[in-house]
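I opened the model to look up how its parts pack against one another. My entries follow the order in which I checked them.

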Number of protein chains: 2
Amino acid sequence: MPENVNRQFILKTRPDGMPRESDFEFVQSAIPEPEHGQVLVKNLWMSIDPYMRGRLRDGPSYAPPVAIGGVLQGEAVCRVVESRLDGFSAGDIVRGHIGWQEYGVLDVTGAHAVDTSLGPISTAVGVLGMPGLTAYFGLLEVNRPQPGDTIVVSAASGAVGAIVGQIGKIMGCRVVGIAGSDEKVAYIVDELGFDAGINYNTQDVASAIEAACPDGVDCYFDNVGGEITEAVMPYFNDFARMAICGRISEYNEDTPSMGPRVMRYVHYKQAVVEGFLVFRWADRYEEGRARLADWVRDGKIKYREDIVEGFENAAKAFIGQLGGANFGKLLIKVSDE
Amino acid sequence: MPENVNRQFILKTRPDGMPRESDFEFVQSAIPEPEHGQVLVKNLWMSIDPYMRGRLRDGPSYAPPVAIGGVLQGEAVCRVVESRLDGFSAGDIVRGHIGWQEYGVLDVTGAHAVDTSLGPISTAVGVLGMPGLTAYFGLLEVNRPQPGDTIVVSAASGAVGAIVGQIGKIMGCRVVGIAGSDEKVAYIVDELGFDAGINYNTQDVASAIEAACPDGVDCYFDNVGGEITEAVMPYFNDFARMAICGRISEYNEDTPSMGPRVMRYVHYKQAVVEGFLVFRWADRYEEGRARLADWVRDGKIKYREDIVEGFENAAKAFIGQLGGANFGKLLIKVSDE
């Protein structure tokens with residue numbers, strides 16, 4: 001057993017706008033004792049995701065907020081240190097929502113065995129985990145692309161967007177990505193095979209969409225919301241499908257910001273705008289994971305990890321992510337495997 | 001044959017904002033001669049619809065705009081004066097898009113025989129015509145209400161909204177209507193059987209929706225857009241369906257107005273927002289018309305006509321409609337039947 005210290009990030013104050021490091025407190029507590037039916041796990045790879053911003057707000061959402069003084073929520077790939085749960089043994093690699101801490105306990109509903117044959121274990125919270133499954137189900141079930149369709153994806157070099165675009169290519173579509181730097185645009189086009197990329201920080205998104213989508217937009221997979229989305233919607237084709245996966249541009253707003261009313265494009269084009277949460281397809285995760293793993297193995301899907309070393313850097317990394325600083329799936333390397 | 005004078009409304013200037021009567025010109029021309037394959041018809045009942053505002057704008061839409069100097073577009077119930085088209089005889093009652101004029105010609109694609117056994121002929125452009133079919137297909141195919149659902153409909157006493165609400169009651173739903181006067185609210189509740197009504201001119205729509213929809217909103221049939229829609233969306237239930245039928249509050253805007261960004265409600269609630277045009281179901285109009293006629297005959301659907309006498313009053317009536325002045329399906333009685 002290690003020395004009995006569990007480092008944690010807890011919520012000190014609810015952020016007003018962009019979170020600051022001072023909204024979080026880095027504390028130490030005792031390592032919990034697993035009860036009967038639980039495993040004690042050590043955090044190895046912690047996932048940092050934009051949706052976590054929503055959990056810091058005390059208001060209506062699809063999940064309850066983190067309490068003041070509570071451990072921040074998040075998923076991690078962990079190693080079992082001690083098991084009092086049938087089917088799990090010390091040394092097993094599991095995935096679970098232990099939150100922002102070095103050690104945690106999981107029960108039978110929260111501990112998910114990681115199939116280490118599918119790829120490096122960090123992918124269990126990346127391309128073979130929630131971000132990959134979000135891309136898979138959101139694109140295929142909500143956007144429903146047909147061969148030849150033009151797909152636009154925002155936050156295109158991110159953990160979800162990069163997979164969306166590559167699945168779009170596998171499906172025989174034209175894929176246009178929007179990202180925040182020339183380096184990210186070069187990556188999605190040169191490395192991932194997107195047909196075109198747009199740098200929203202240096203280009204006028206509307207005219208760039210017009211140029212990159214000469215046949216209009218059939219599918220829009222939206223991770224960002226706000227102005228970028230408003231620039232894309234006028235290029236919808238009839239019966240376009242827009243999947244709302246995320247709205248990172250709006251996550252720091254306590255009240256909705258103002259923008260042009262865009263329902264005219266939905267109306268005239270008979271478009272469909274649908275929000276989704278990946279949990280909707282929980283009973284099909286294994287299907288999605290198996291298919292993603294096949295594509296990764298066949299080289300049809302590549303993934304990029306943005307690894308931050310050291311658990312103590314999690315808050316800073318999260319704040320950077322909300323501003324678009326990460327490049328690829330953001331992971332905290334908490335401990336050696 | 002009548003005296004050879006055909007009175008028409010033509011577009012003089014493209015309206016900037018709310019149209020003024022001076023944007024239209026009331027002119028006289030010769031009655032057209034039907035060619036082989038055409039019927040000459042006399043306008044009896046002319047339909048005035050909010051969508052016509054879109055045809056006055058020279059910009060992207062689902063239909064080409066009226067040209068400057070061109071006759072305004074619209075549908076009317078007409079009597080055949082002279083037929084050079086097989087299957088039609090003088091005296092027949094037909095429906096067709098002859099535009100804002102007392103006489104017009106229609107060919108085989110434009111002349112639609114009216115089944116006078118179904119109801120008064122004016123209903124061919126009302127409850128048994130485009131407005132009724134819009135309500136029927138939009139509610140049943142886009143909102144897809146289930147028994148017990150709560151349906152909210154805006155412009156609820158209008159030609160479309162009143163039918164939507166009554167079909168909702170037939171389907172076993174709770175129906176809440178939003179309208180612009182206490183008289184209209186009393187009508188939809190007391191005469192049409194809506195469960196509740198909200199007067200958007202005197203009530204705070206958001207708190208009134210909250211009170212009238214204790215189980216949230218499952219279906220929103222939207223005819224108005226803008227602020228009223230923004231007040232309804234926060235009350236969406238999971239997997240709510242919003243059908244965009246019209247956006248009358250925005251029709252006088254040449255560029256989109258600003259409002260709060262509302263995609264958060266679509267996202268978290270996994271809602272679906274879908275725009276539609278009734279033409280999508282053109283191959284099923286007869287099904288819809290037959291069912292509507294049955295419901296009218298059985299007293300399950302009531303309709304109300306707001307009849308303006310005299311063709312020369314069409315422009316004024318149209319402008320009034322855009323401001324919510326009409327009460328029921330707006331018709332111009334152009335000529336005695």
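This is a predicted model: local features need pLDDT of at least 70, side-chain atom pairs count only at pLDDT 80 or more; totals for chains, interfaces and linings use all residues.

Residues are numbered from 1 along each chain as its sequence is written, and chains are lettered from A and ligands numbered from 1 in the order in which they are written.

**Domains of chain A.** I looked up the domain assignment of chain A, which gives domain 1 as 6–126 + 305–333 and domain 2 as 130–279; such bounds come from an automatic or database assignment. I find their C-alpha centres 28 Å apart. Domain 1 of chain A gives 16 residues to the contact and domain 2 of chain A gives 13, where contact means C-beta atoms, placed from the backbone, within 7 Å. On the domain 1 side I list seven nonpolar, five polar and four charged residues. Here Ala, Val, Leu, Ile, Met, Phe, Trp, Tyr, Cys and Pro count as nonpolar, Asp, Glu, Lys and Arg as charged, and the others, Gly among them, as polar.

**Helix pair in chain A.** I took helices (H or I, at least four residues) and strands (E, at least two) as DSSP runs, numbered from the N terminus. Helix α2 (130–143) and helix α3 (161–170) of chain A pack at about 45 degrees with axes 8 Å apart; axes are lines fitted to C-alpha atoms, for helices over the stretch in contact, and angles run from 0 to 180 degrees between N-to-C directions. α2(A) and α3(A) are therefore oblique to each other, as angles under 35 degrees count as roughly parallel, over 145 as roughly antiparallel, 65 to 115 as roughly perpendicular and the rest as oblique. From α2(A), I see P131(A), G132(A), A135(A), Y136(A) and L139(A) meeting I163(A), V164(A), I167(A) and G168(A) of α3(A). That contact has seven nonpolar, two polar and no charged residues.

**Helix pair in chain B.** I find α2(B) and α3(B) packed at about 45 degrees, with axes 8 Å apart.

**Between chains.** I count 29 residues from chain B and 29 from chain A in the contact. On the chain B side, α7(B) has the largest share, five residues. That side divides into 14 nonpolar, eight polar and seven charged residues. I also checked β14(A) (272–275), which three bridges join to β14(B), the two running antiparallel; strands pair if DSSP finds at least two bridges between them. V273(A) stands opposite V273(B).

Terms used
Two residues are in contact if their C-beta atoms, placed from the backbone, lie within 7 Å.
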